[in-house]
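Q: Hi, could you walk me through this one? I'd like to start with the ligand and then look at some backbone details.

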Amino acid sequence: MNDHDLTDVVSPYNDASGREGALTTEDFLSAEGSLGFATQSIRAGSFRSDQREHSEAIYLTSSFVYDSAAQAQAVFAGDEDGNVYSRYTNPSLRMLEERMAILEGGALENIEACATSSGMAAILGACMGLLKSGDHVICSRSVFGTTFTIFSKYLDKFGVKTTFVDLVDYQQWRDAIRPETKLLFLETPSNPLSEVADLKQLAEIAHGNGALLMVDNCFCTPALQKPLLLGADLVVHSATKYIDGQGRCLGGMVIGRKKLVDEVHLWQRAAGATMSPFNAWVFYKGLETLSVRMDAHCRNASELAIWLSQHKAVEKVHYSGLSNHPGHELAKKQQTGFGGVLAFEVIGGRESAWKVIDGVEIMSRTANLGDTRTTITHPATTTHCRLSDEDKMKSGITESLIRVAAGLEDIEDLKRDLDKGLKQLL
Ligand SMILES: *Cc1c(COP(=O)(O)O)cnc(C)c1O
C-alpha cells in the first residue's frame, strides 16, 4: 500500500455504505427545531448493518474488502463511497463524528467533526492542520496543563509563538493581537475557578483580525454550551471526560466548519492520531445519556456549592452557579447549566486542605473528572503543580483550594463525606 498516494486521492469524508433506513445528518439538520438535544444525542449519526442490530455494531477492523479490483479502484479514487483503511475512515468513528457535529453545530450548515486518539491529539491536530511556522497564537493562561505545554514548548519549537493572557481580561487579548495572529484559544468555564469568558466578544476580537477562535468545550459539553453558535470557529473536546462519562477511554474531537475540519482530518490520517473504533463506540453510547448525566452533575455540584458556602470551615466557594460569582450572569446567558466542577477554599492552608482530601471515603482522590464518581484534588500540588508560586497567585491557585468534580452519587453521602474532614478544621 502506498501511503502517500492514498492520502492524496481519498476524500476524508467518504461515507460508508449500508446506511439504508438510518437517519442521516441531512435528516437531522432539516428536522432541527422539531428534534431536541436529547433525541439528537440518542438518534443522530446511527446506522445499521445488514444484520439489523439495534445497538450499533463496533467496527473493529483495520482494513476493508472489495468485490472486485474495479470496485477497489473506484473506492480508492473516491468515485464510490466506502472505507479503505481505519486510519482514514471507520464506520464506528463516523457515527460518533456525525453525532458530535449535530450536537455542537445545531442548525449550522457544513459542520464536520474529526475524532482523535485523545483530547491532546485533538488540540495538537487542529494546530497542525491549520497553523504554520511564523503564525502567532493567543492563549488563555487558565488552560489544561498539557495544553500549555503544547503551545509553549512544542509549537514554539516549530516557529509558532504563543502569548498567554488572562482569560477574562479582554484588553489583554486585544493588546496581544499581531498581524500574524491566527488563533485565539481558551477554555470556559476555567479549571478550577469556574471563570467564564465572553465567547461573543472573543469571537469579535479574533474575527476583526482574521484569526480563528478555538474553544475547549470539555467542561460544559454541548449539553450546556455550544461555542460554535456563539461565534467560535472550532470546538475541541477531551471525550475522555463527560462524553465517556464513566472514566474508561481516552479520546478527543475537533468540530467546526467542514473547510477547517477537513484540514485536521487530513493531518490526522497522515499522523495516525486515530481513535480506536472501540473507544468511538463507548463515546457514542456515552452521548446517549449525556443530557441526563449533565443535568445530574450540575444538580449535585450546585447543591454541594450551596452547602459548602454555608459551612464554617469554608472560606470561599468558586462556582458560577452561585449569584456572588463574578461569572454568574454571563454563565446564565451563555450556558444552559453551570457544570459539574466546583472549587472551594478552606480555613488554614495546605495542611487543612489535605486533611479534607485525606478524610474522604467515598470520593476518589484523583485529578480526573466527568465521571459518575466524584473526584477530589488539591490543584496547587497536582494539576497546577508546575506553575511558579507567582503564577499560582495570579491564577488564584491557593494552598487552601480544593477542587471537586461532582459525580452522580447521592448528594447526602457526598456532603457527609466532605464534612468528615471539614469538621476537623473547626
Ligand atoms: C483532560 C483535558 C484535556 C486533555 O484530554 P486527554 O483526553 O487527556 O488528552 C484537554 N482539555 C481539558 C479541559 C481537559 O480536562
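Q: Which backbone has a polar atom 2.9 Å from an oxygen atom of the ligand?
A: That is Met120. Before going on, this is a predicted model, where local features need pLDDT of at least 70, side-chain atom pairs count only at pLDDT 80 or more, and totals for chains, interfaces and linings use all residues. Residues are numbered from 1 along each chain as its sequence is written, and side-chain values use heavy atoms, with hydrogens and water left out.

Q: Thanks! And what about side chains, how far is Ser238 from a ligand oxygen?
A: An N or O atom in the Ser238 side chain is 2.8 Å from an oxygen atom of the ligand. For Lys241, a polar side-chain atom lies 2.6 Å from a ligand oxygen.

Q: How much of the ligand's accessible area does the protein cover?
A: The protein covers 92% of the 380 Å² that the ligand has on its own (Shrake-Rupley method, 1.4 Å probe).

Q: Which residues come nearest to the ligand?
A: Of the 13 residues around the ligand, Gly119, Asp216, Ser238, Thr240 and Lys241 come nearest (a residue is near if one of its heavy atoms lies within 4 Å).

Q: Nice. New topic: which peptide bond has omega near 5 degrees?
A: The one from Asn191 to Pro192, which is cis. The bond from Thr188 to Pro189 is also cis, with omega near 0 degrees.

Q: Where does Pro189 lie?
A: Pro189 lies in the loop between strand E4 (181-187) and helix H9 (199-207).

Q: What is the phi of Ser194?
A: Ser194 has a positive phi of about 60 degrees, although it is not a glycine.

Q: Is Ser194 buried or exposed?
A: Ser194 is buried, at 3% relative accessible area (buried means under 20%, exposed over 50%, partly exposed in between, with a 1.4 Å probe and protein chains only).

Q: What about Thr221, where is that found?
A: Thr221 is in helix H10 (residues 221-224). Thr221 has a positive phi of about 65 degrees without being a glycine, and is buried at 1% relative accessible area.

Q: Last one: which side chain does His318 join in a polar contact?
A: Glu345, at 2.7 Å (a polar contact is a pair of N or O atoms within 3.5 Å; within protein, one must be able to donate a hydrogen and the other to accept it, and residues adjacent in sequence count only if both atoms are side-chain atoms). His318 sits in strand E8 (residues 314-318).

Methods:
Helix = DSSP H or I, 4+ residues; strand = E, 2+ residues; numbered from the N terminus.
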